[in-house]
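The exercises below are meant to be worked through with the structure open beside the text. Try each task before reading its solution.

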Amino acid sequence: MASCSNCGARLTNSSHDLCLECFKKEKEIGYRYQVIKGRIAETIIEELFLTLDYNVFRYGMENSIPGVMTLLRGVRGDVAQNIKRMPDFVVQNKRTGEVFFVEVKFRADGEFNYEKLGGDDYPYRNAHIILVSKKHIKCATVEELKNGKEFQYLGSRKEFETDKETIIEFCKFAVQFFKDA
Ligand SMILES: [Zn+2]
């Protein structure tokens with residue numbers, strides 16, 4: 001009789017490797033691990049904009065109602081979707097006063113596109129998406145992604161008046177934090 005490779009419990013279905021309890025636990029830890037990586041990426045971007053002398057406001061619902069994302073896991077419907085997708089930050093250029101919605105995505109391989117964002121259902125049409133990978137920090141607007149354009153290096157984006165040297169420093173942080181991701 002097959003047994004769970006983690007706890008040794010007998011398995012009723014021998015095509016599985018883990019018992020249901022261990023399977024659930026592993027899935028939960030996998031989910032938390034993804035959440036942690038996302039938070040690290042957000043923190044890197046938050047600190048980057050602060051260093052560039054922007055005002056940074058955490059915007060997502062998670063900051064207003066801690067735990068709401070966990071609560072909404074698996075919940076369907078427009079309202080739940082819009083809450084889950086609220087951009088992470090509002091950043092403001094202190095000099096010009098201009099404000100931007102910023103959504104941070106971490107993808108180890110740097111693969112991200114319009115469909116993965118949610119396509120035409122993505123509600124925040126004027127957001128900037130900042131893609132943090134193991135190697136780069138890139139950025140694109142929702143419109144650009146919709147039109148099939150590639151992400152550009154954040155340092156090349158005119159609207160943020162970014163300082164390439166600072167961005168390179170923060171890219172090094174990303175490389176360091178995500179080298180095993
Ligand atoms: Zn088990």
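This is a predicted model: local features need pLDDT of at least 70, side-chain atom pairs count only at pLDDT 80 or more; totals for chains, interfaces and linings use all residues.

**Exercise 1.** Compare the span of helix 1 with the span expected for its number of residues.

*Solution.* We begin with the length of helix 1, which has 32 residues. At 1.5 Å a residue, the expected span of this helix is 46 Å. From its first C-alpha to its last, helix 1 reaches 47 Å, which is close to the expected value.

**Exercise 2.** Which residues of helix 1 are buried, and against which elements do they pack?

*Solution.* Going along helix 1, the residues that count as buried are A41, E42, I44, I45, L48 and F49. Turning to their partners, these buried residues pack against strand 1, strand 2, strand 3 and strand 4, and also against helix 7.

**Exercise 3.** Describe how helix 1 and helix 7 are arranged relative to each other, and which residues bring them into contact.

*Solution.* Two packed helices are described by the angle between their axes and the distance between the axes. Here the axes of helix 1 (residues 20–51) and helix 7 (residues 164–177) come within 10 Å and cross at roughly 165 degrees. Angles over 145 degrees count as roughly antiparallel, and therefore helix 1 is roughly antiparallel to helix 7. The crossing of the two helices is right-handed. On the side of helix 1, the residues in contact are I40, I44, L48 and T51, and they meet T166, I167, F170, F173, A174 and F177 in helix 7. Sorting these residues by class gives 8 nonpolar, 2 polar and no charged residues.

**Exercise 4.** How many helices and strands does the chain have, and what share of its residues counts as buried?

*Solution.* Counting the elements gives 7 helices and 6 strands, which run from the N terminus in the order α-β-α-α-α-β-β-α-β-β-α-β-α. Of the 181 residues of the chain, 23% count as buried.

Note on methods
Residues are numbered from 1 along each chain as its sequence is written. Axes are lines fitted to C-alpha atoms, for helices over the stretch in contact, and angles run from 0 to 180 degrees between N-to-C directions. Helices (H or I, at least four residues) and strands (E, at least two) are DSSP runs, numbered from the N terminus. Angles under 35 degrees count as roughly parallel, over 145 as roughly antiparallel, 65 to 115 as roughly perpendicular and the rest as oblique. A crossing is left-handed if the near helix is turned anticlockwise from the far one by less than a right angle, and right-handed if clockwise. Two residues are in contact if their C-beta atoms, placed from the backbone, lie within 7 Å. Ala, Val, Leu, Ile, Met, Phe, Trp, Tyr, Cys and Pro count as nonpolar, Asp, Glu, Lys and Arg as charged, and the others, Gly among them, as polar. A residue is buried if 20 or more other C-beta atoms lie within 10 Å of its own, exposed if 12 or fewer, and partly exposed in between; C-beta atoms are placed from the backbone. The expected span of a helix is 1.5 Å times one less than its number of residues.
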